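I opened the model to look up its nonpolar packing, its ring pairs and its backbone exceptions. My notes follow in that order of interest, beginning with the surface.

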Amino acid sequence: MKHVYGWLLLTPAAILLIGFTHYPAVATLIDSFFSTGTAVRPSRFVGFGNYAALLEDPIFWQVLRNNLWFALGTIPTAIAIAMVMALWVNEKLPARALVRMAYFTPTVLPMIAVANLWLFFYTPQIGLFDRVGALFGQPSHNWLGDPHLVLPATMVMVVWKEAGFFMIFYLAALQSLPPELQEAARIDGGAGWYYFRRVTFPLLMPTTLFVLVNATINSFKLVDHLFILTKGGPDNASSLLLYYIYQVAFSFFDTAYASTLTVVLLAMLAGLAIVQFQLIEKRVHYR
């Protein structure tokens with residue numbers, strides 16, 4: 001009877017998990033082996049035809065390259081800034097609560113609101129950056145219209161928003177460290193950078209692994225800001241993989257090819273997570 005009661009408690013969560021996670025994943029995998037059906041021409045089995053078309057799609061390779069650069073630019077930067085901010089606000093500072101709130105505030109803002117805010121910063125001639133630059137005799141820049149500047153510009157915005165979120169995890173981890181370790185290090189003359197490198201940073205590795213996995217997932221699923229800032233332009237210079245999936249599915253109505261792209265994205269994220277766990281798990285010390 002206890003087993004029945006337990007399964008009854010788990011049933012609502014299991015239904016939601018299967019209905020909104022497992023079933024869509026399996027259906028997407030199956031759809032990737034079929035063509036897109038219409039009212040006149042039903043879908044048919046094409047095997048790996050969609051995957052072959054993906055390998056020959058130049059836009060896919062461009063957005064994949066954009067996404068990899070986006071991940072390489074945002075993940076280590078956001079994590080490093082988050083760790084520095086956590087170390088800073090963990091000290092005894094004047095108005096420490098206000099500083100923590102200021103660092104965390106961008107996190108609670110919706111990405112659409114953040115994109116609109118930074119759109120004001122990046123607007124040529126009347127934007128904040130160009131206004132400040134004009135005071136020093138700098139010419140106007142089309143930050144979001146230049147193929148060489150648009151991706152770094154979006155990276156800066158994302159780092160500004162995400163660093164405060166990751167800071168909270170590092171701050172919680174720092175506050176859980178035994179204070180006796182730092183006191184002993186000070187007595188032995190090993191405080192400062194040596195203490196951080198030898199004691200604090202290794203003990204923060206479980207948090208770093210958690211933050212790294214979440215930052216990697218975020219770098220491949222962020223798409224809201226592109227609707228406001230660039231629409232993937234100019235010439236797909238800022239388009240990311242998830243935004244390309246959205247375009248293929250809801251602008252071009254090619255759901256089969258969008259399913260293929262989604263399967264590739266999920267496989268990439270699973271592979272990256274496995275690599276991260278394999279490489280970093282050896283350095284993680286759980287207390």
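**Surface entry.** I began with phenylalanine 136, which lies in the loop between helix 6 and helix 7 (150-175); helices here are DSSP runs of H or I with at least four residues, numbered from the N terminus. This is a predicted model, in which local features need pLDDT of at least 70 and side-chain atom pairs count only at pLDDT 80 or more, while totals for chains, interfaces and linings use all residues. Residues are numbered from 1 along each chain as its sequence is written, and side-chain values use heavy atoms, with hydrogens and water left out.

I noted that phenylalanine 136 is exposed, at a relative accessible area of 64%, where exposed means over 50%, buried under 20% and partly exposed in between, with a 1.4 Å probe and protein chains only. Phe136 belongs to a nonpolar surface patch with Phe120, Leu128, Phe129, Val132 and Leu135, and together they have about 620 Å² of accessible area. For such a patch, residues need over 30% relative accessible area and no salt bridge, and nonpolar side chains (Val, Leu, Ile, Met, Phe, Trp, Tyr) are joined within 5 Å, like charges within 9 Å. A salt bridge is a side-chain nitrogen of Lys or Arg within 4 Å of a carboxyl oxygen of Asp or Glu, and the areas come from the Shrake-Rupley method with a 1.4 Å probe. Helix 6 (residues 128-135) supplies the largest share of the patch, 4 residues.

**Ring entry.** I searched the whole structure for aromatic pairs and found 21; rings of Phe, Tyr and Trp (its six-membered ring) pair if their centres lie within 6.5 Å, and planes under 30 degrees apart count as stacked, over 60 as edge-to-face and the rest as tilted. Phenylalanine 169 and phenylalanine 210 make an edge-to-face pair, 5.0 Å centre to centre with 65 degrees between the planes. This pair links distant parts of the chain, with phenylalanine 169 in helix 7 and phenylalanine 210 in helix 10 (residues 205-221), 41 residues apart. I then looked at tyrosine 243 and tyrosine 246, a tilted pair at 6.0 Å centre to centre and 35 degrees between the planes. Because they are 3 residues apart in helix 12 (residues 241-251), about one helical turn separates these two tyrosines. Tyrosine 243 is buried at 4% relative accessible area, whereas tyrosine 246 is partly exposed at 34%.

I listed what leucine 261 touches (heavy atoms within 4.5 Å): Leu54, Phe60, Tyr244, Ile245 and Val248, not counting residues up to four places away in sequence.

**Backbone entry.** The peptide bond from glycine 233 to proline 234 is cis, with omega near -5 degrees. Proline 234 sits in the loop between helix 11 (224-229) and helix 12, and aspartate 235 lies in the loop between helix 11 and helix 12. Phi of aspartate 235 is near 55 degrees, a positive value in a residue other than glycine, and aspartate 235 is exposed at 67%.
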